[in-house]
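Please read it alongside the structure shown here.

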Amino acid sequence: MLRGPGTLGAANRGRAPYPARYSAFGLLRRGVMAEDWPAAWRPQPLKKSYDVVIIGGGVHGLAAAYYLAVNHGITDVAVLDKGYLGSGGSGRNTAILRSNYLTPEGVRFYDRSLTLYQRLATDLDFNVMFSRRGHLTLAHNDSSLRTMRWRAEVNKVEGVDSEVIDPAEIKRLAPPLDLSQDARYPILGALWHPPGGIIRHDAVVWGYARGAASRGVHLHQETEVTGIDVTNGRVTGVRTGKADIAAGVVLNATAGWCSLIADMAGVRLPVQTFPLQAAVTEPVRPFLRTVIVSGSLHVYISQTDRGELVFGASVDPFTSYSMRGSLEFIENVATHVLELMPSLGKMRLLRQWSGLCDMTPDFSPIMGHTPVEGFLVDVGWGTYGFKAGPVSGEAMAQCIADGKPPEIISAFGLARFAEGDLVGEKGAAAVGH
Ligand SMILES: Cc1cc2nc3c(=O)[nH]c(=O)nc-3n(C[C@H](O)[C@H](O)[C@H](O)COP(=O)(O)OP(=O)(O)OC[C@H]3O[C@@H](n4cnc5c(N)ncnc54)[C@H](O)[C@@H]3O)c2cc1C
């Protein structure tokens, strides 16, 4: 079930240079010569042993593999996924990027990710379509405004561009919003974050996969991990539906499934899995430049470069591993979107979908070592983990190479739950994105 650009150019496998350098000239030449592109990555045999096994072929697992190879020269690495690369949250999210979080630890962490995202297209030689268009979080009451002022101050101290703006400025940035005072939920102000934006999520996944594979990392799709071997408190390998694999280090990067994988190693995670849904409309002429979020109404809206409107909400109100859409979600989201933008009444929805979110009690991730030596986690990504892909990959690669977590993730260790040292991000991360 190899999807994405890995399937491109199958006929050329073996003769075209690998990996191809993507360029406008290359595109023109191949167009004129009617020449296909070589595969972006190639299937490899499953070895009996790897230095590092990464479970989960989403943005986190693939980014960790890429930075292990690029930053540390560690290439005896396998990424295992039970489905296809990007089949989890990484291929289902609404691709909103921002760094306007609430805690200094969160702001610094997500801001490093935005910095990496800005140069990712060049680093990966892959057009990831990052569009910095600004991010508006609306306040419909005084308590939301108070939290936004708090966030804006923390952001400024950390050097991140965020400010609270008034309704006149909001109207200038997002004309379709209903800013009248007789709206059902009048808009009192907003947190404006110019560096925020959207990206093409599949391209990020494919770019990291291609970058890692071209440096020797093995990508194994349809390879489900069914067990983890631990001897004397140390991980020794994983079992899969295809074969057992020995490994000195195993990284759990399985997001919505992470507590199932941790259970296999005998590690308990304070994580619950909830479905999160999103929907997209038919494409229309561009009219909405910024990303718009309403925490009180539990809804957010952005317009893609192709013109579709993307709608999202908070997680479903029950734990589940189901990835089915529901009528309740679409009714709710449509109601709230129309409360914010009544002019969208005639737009037609194209489709809706769902993914799984691994929620932690403090809305911050869990990263680093566990009580089982050699078994690491990069989980707890909830509804907000896509934006963290690059910084997490960079930090987890460093954690594996150095044997200790780098400063930027030191606040996110598993031990914080036992120690009562939480990193409370609910005020900045409760709505799904
Ligand atoms: C609808 C929706 C909208 C979202 N919007 C945003 C957003 O706008 N911005 C943002 O930052 N985040 C958003 N998110 C969250 C984001 O998608 C996730 O946090 C992020 O993609 C997690 O990436 P990951 O690589 O950790 O996990 P995933 O991409 O979920 O990858 C985990 C992989 O593990 C594999 N796996 C599971 N079990 C096994 C096993 N036993 N053996 C082998 N492989 C296994 C799965 O097949 C899967 O491919 C959204 C999520 C959803 C569902």
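The model is predicted, so local features need pLDDT of at least 70 and side-chain atom pairs count only at pLDDT 80 or more, while totals for chains, interfaces and linings use all residues. Residues are numbered from 1 along each chain as its sequence is written, and side-chain values use heavy atoms, with hydrogens and water left out. Helices (H or I, at least four residues) and strands (E, at least two) are DSSP runs numbered from the N terminus.

**Helix 2 with helix 10**

- The axes of helix 2 (residues 59-72) and helix 10 (residues 389-402) cross at roughly 55° and come within 7 Å; axes are lines fitted to C-alpha atoms, for helices over the stretch in contact, and angles run from 0 to 180 degrees between N-to-C directions.
- Helix 2 is therefore oblique to helix 10 (under 35 degrees counts as roughly parallel, over 145 as roughly antiparallel, 65 to 115 as roughly perpendicular and the rest as oblique).
- The crossing of helix 2 and helix 10 is right-handed (the near helix is turned clockwise from the far one by less than a right angle; anticlockwise is left-handed).
- In this contact (heavy atoms within 4.5 Å), helix 2 contributes residues including Ala 63, Tyr 67 and Asn 71, and helix 10 contributes residues including Gly 393, Met 396 and Ile 400.
- The contact residues of helix 2 with helix 10 comprise 10 nonpolar, seven polar and one charged (Ala, Val, Leu, Ile, Met, Phe, Trp, Tyr, Cys and Pro count as nonpolar, Asp, Glu, Lys and Arg as charged, and the others, Gly among them, as polar).

**Helix 2 with helix 7**

- Helix 2 and helix 7 have axes 8 Å apart and pack at an angle of about 30°, which means that helix 2 is roughly parallel to helix 7.
- The crossing of helix 2 and helix 7 is left-handed.
- Among the residues in contact are Leu 62 and Tyr 66 of helix 2 and Val 205 and Tyr 208 of helix 7.
- The contact of helix 2 with helix 7 has 11 nonpolar residues, one polar and no charged.

**Helix 3 with helix 10**

- Helix 3 (residues 104-118) packs with helix 10 at an angle of about 100°, the axes being 7 Å apart, so helix 3 is roughly perpendicular to helix 10.
- Phe 109, Arg 112, Ser 113, Leu 116 and Tyr 117 of helix 3 meet Gly 389, Pro 390, Val 391, Ser 392 and Glu 394 of helix 10.
- The contact of helix 3 with helix 10 has five nonpolar, three polar and two charged residues.

**Second largest pocket**

- The 29 residues lining the second largest pocket include Asn 93, Arg 200, His 201, Asp 202 and Arg 306, which lie nearest its centre (a pocket is an open set of points on a 1 Å grid over the protein atoms alone where a 1.4 Å probe fits, with protein on both sides within 12 Å along at least five of seven lines; lining residues have an atom within 4 Å of a point).
- Helix 7 gives the most to this lining, with four residues.
- The lining of the second largest pocket divides into 11 nonpolar, 10 polar and eight charged residues.

**Leu 350**

- Leu 350 lies in strand 17 and touches Val 280, Thr 281 and Glu 282, not counting residues up to four places away in sequence.
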